[in-house]
Amino acid sequence: MFRATIDAYLLRDSVEILSVLVDEIRLRTSSDGISVKAVDPANVAMVTFNLDSSAFDDFEADESEIGLDLTKISDILGVADKNDKVSMELNENSQNMSINIGSFSYTLSLLDPSTIRSEPKIPQLELPAEIILNGTDLRRAVKAAEKISDHMLLGVNDDVFYMEAEGDTDKVRLDLARDQLIDLKPDDVRSLFSLDYLSDIVKPASKSNEVVLEIGQDFPIKINFEIANGTGKVGYLLAPRIESE
Amino acid sequence: MTSFKKFADACKNIEKITSSLEMTDQVADLLAKVDTDELPVVTHFIMGQIFPSWSSQELGIGESLLYTALSKASGLSVDDIENIVRDTGDIGETALRALSKLSSNQVTFSSFVEEPIPQLTILEVSDRLKRIANVSGKGSQNQKVKNLQYLFNASSPEEARYLSRLAVEELRIGVGEGIVRDAMSKAFNVPVEKLERSFMLTNDLGAVAVAAHQGGEEEVSKLDIQVNRPVRMMLAQVTPSIETAFNEMGNAAIEWKFDGARVQIHKDKDEVNIFSRKLENVTNSLPDIVESVKNQLNADTAIIDGEAVAIDEDGRPRAFQDILRRFRRKYDVLSTSKEIPIILNMFDLIYLDGESYIDLPLKYRRETLGNIVENTKSIKVDKQVLTSDVEEANRVYNNALSAGHEGIMIKNPESPYSPGKRGKNWLKKKPMMETLDLVVIGGEWGYGRRANLIGSYAIACYDRDRGQYLPIGKVATGITDEKLEELTSLFSDLIVSEKGRKIEFKPEIVFEIGFEEIQKSTNYESGYALRFPRLVNVRDDKSPEESDTIERIENIYLKQRSRNHNKSS
């Protein structure tokens, strides 16, 4: 069974976090809350998403797996006001979910989870450098880079975290020293990432005051942050581009 | 589990071979090696197809989508990719070069997991491509690109050569239905005729392959017509005169040859589906016909062959273009159906209430058809005259012509319905000189005033065995400036590559070409050339595979020679 009530804005944020990478998800439910692990079709970016039962106004669930079409849910959420509550209930026999928002009631047909790409294996990575910064700083740097190039370098040198983008003719660089960051565990590393992905990922991350980046040398980046006052945890993992000279 | 690499290797070998026999052997080896569940995939892949012929599903990967995916997988810009395409003139070579270059390449998580990277399998490729065909709605372009990108990332440059060609559904290794059928015969020891017949009935070589593999001839023979899956239409040969036809046939069934579009009607209880000559589902554009069929066809399940004719106020046939306007309509279907009313003339019964009728004689099929249809103005079983009298046939012929139709059909009343065959049991007599339907494979930008227009078109006939188009000439006459503009915009989406003024097109558009004579020629790959070719019409209703074959060109050439011989002697 699955029955839950949640703030509309929080559900909308959650859908946005996931739909950056995929259209369809396998939602895992348990008495502790809900979780999703997904990888984008190109196998370049992954997301792990956990929302604790305490993030809900009302929550009751068994261990189960539900196949959801995110596009449909975000369409439905279009009618909701920021302060509306959304209540959902799974009808196990008819393979659909009732969703109530204010006076609207929807019946959403579910997807067969076996038709959705299976959960990815999350690679175990040792990433030497760790940077904690404000989400809006990260977003600003990415936005500046987008104007110039389609990829961007993230690195640490001495006690400075830098983000750099180089186009055919132009270049932009943002240096953030230790005192401009919330925290820094330095190491001499750098990796290059596609802005296709990074731009989408930093959008939801920018809403968070504390975003944790973990970087290695030509290695994937981890971008972790919390939502819903710490009751929700989001972890993106993005594979790098490798520069070949 | 067969890896995609094995398939790519096989393609590479086959591509180098010129002998059909050797090619058949290679394809047979491949078919014999793969697992049963991979067989339908490989059967279609090797011909550059993703879906069986009966399916109206399309992959929908255009040039720009493919370039974007290649750009993302290789790190080259889309401009770079376009430059390589211009250089190589082939998407396969482009993929190979782009992925061998790999500048600033996007890596995937496969590089960071401990386990060995699993090889890309044929089934995974098929699965991803089908996924691409199925996504729709908001963000679907992005999903398509990423799925392709994944495939390119997971494949070696050599594999990518064939992967990219598959993505545009053109493998270009010279393997067509004929070779696959012969290879199947060799691999599974089933007679070619049995395979051919089952293919014509099911339009699914994959299903035929599976049957052949699992149960040989017996299982293949069990494959039969299914309602809602189009059957290849039986075709007619041209007869030079009514007299010749009667000499061959004796007693004949004469019908009007309508100036319309061929349709195949499938009725499955309350559901009606209509397929065009190309076996495309055109049901949604013909709600009036659907309604009439529901009301006036007394059968549980049935497949019926007929001709849809657009008529004017006086009941005379309208221009062929008008009926195509109806077929292509997606919006305002109802108002167009009032503007261009269509009547349906039915002339053959292929299947009725669970029984295939194709092996029964025409006169019996025809009689049964008459019994299950309630004739009205909008749908009817057309008149048929059974006679051995040439004079009477001539009368019917003249009546048909004066009613504005094309001529007559002369059919053997005892003959079966032979799907996909252009045999001697159906003959057609038309007053017009013969034309050829040829595929446009290339063109050239014009000079001066016509510099922005494609002024000349390279045309080709079809080699069914190889699935290839053989050049037979160029056509540049019979085209007004206005028509040139129309054609230029029609072809601009089909450009595969350009070199100087020369353009190569994806073979898709069929031209009806008038000509004076067929000549032997070493200038063109087909070995023939046309004297005074001119564009008569664009045959929107024909698919490239339905264009005239090299065998037909040879036939006309031989007939022409014997005719000239008679004249001079």
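**Exercise 1. How many bridges join strand S4 (residues 261-268) of chain B to S6(B), and do the two strands run parallel or antiparallel?** Then describe the surroundings of S6(B) in this predicted model.

*Solution.* 
Step 1. Eight bridges connect S4(B) with S6(B), and the two strands run antiparallel. Within this pairing, Val263(B) has Gly306(B) as its bridge partner in S6(B).

Step 2. S6(B) also pairs with S7(B), in the antiparallel sense and over nine bridges. Here Val309(B) stands opposite Ile343(B) in S7(B).

Step 3. To judge burial, count the C-beta atoms around each residue; a residue is buried if 20 or more others lie within 10 Å of its own. Nine of the 10 residues of strand S6 (residues 301-310) of chain B are buried, so this strand is largely enclosed by the rest of the structure.

**Exercise 2. Determine the strand order of the nine-stranded open sheet of chain A, and find its edges.**

*Solution.* 
Step 1. The order is S6-S2-S3-S4-S18-S17-S16-S10-S14 (chain A), and the pairing is antiparallel.

Step 2. The edges are strand S6 (64-69) and strand S14 (183-185) of chain A; each has a single partner strand, so one side of each is left without a neighbour in the sheet. From one strand to the next, the twist averages 15°.

Step 3. Consider the pairing at S6(A). Strand S2 (residues 24-30) of chain A runs antiparallel to S6(A) and is joined to it by six bridges. Arg28(A) stands opposite Glu65(A) in S6(A).

Step 4. Helix H4 (residues 195-205) of chain A lies across S4, S16, S17 and S18 of chain A, running at about 165° to S18(A).

**Exercise 3. Describe how chain B meets chain A.**

*Solution.* 
Step 1. The contact involves 21 residues of chain B and 21 residues of chain A.

Step 2. On the side of chain B, strand S1 (105-106) and helix H8 (140-154) are the elements that give two or more residues. H8(B) supplies the largest share, six residues.

**Exercise 4. Which residues touch the most other members of the largest nonpolar core?**

*Solution.* 
Step 1. This core has 196 residues, and those touching the most other members are Leu18(A), Leu238(A), Met184(B) and Val208(B). Strand S7 (residues 342-352) of chain B gives the most to the core, with nine residues.

Step 2. Examine one of these residues. Beyond its neighbours within four places in sequence, Leu238(A) has contacts that include Val44(A), Phe193(A), Leu198(A) and Ile221(A).

Step 3. Another core lies apart from this one; it has 31 residues, including Val440(B) and Tyr462(B).

**Exercise 5. Is Ser118(A) buried or exposed?**

*Solution.* 
Step 1. Ser118(A) is located in the loop between strand S9 (104-109) and strand S10 (129-133) of chain A.

Step 2. Ser118(A) has 11, so Ser118(A) is exposed.

Conventions. Residues are numbered from 1 along each chain as its sequence is written. Chains are lettered from A and ligands numbered from 1 in the order in which they are written. This is a predicted model: local features need pLDDT of at least 70, side-chain atom pairs count only at pLDDT 80 or more; totals for chains, interfaces and linings use all residues. Two residues are in contact if their C-beta atoms, placed from the backbone, lie within 7 Å. Helices (H or I, at least four residues) and strands (E, at least two) are DSSP runs, numbered from the N terminus. A nonpolar core is a set of buried Ala, Val, Leu, Ile, Met, Phe, Trp, Tyr and Cys residues joined through C-beta atoms within 7 Å. A residue is buried if 20 or more other C-beta atoms lie within 10 Å of its own, exposed if 12 or fewer, and partly exposed in between; C-beta atoms are placed from the backbone. Two strands pair if DSSP finds at least two bridges between them. Axes are lines fitted to C-alpha atoms, for helices over the stretch in contact, and angles run from 0 to 180 degrees between N-to-C directions.
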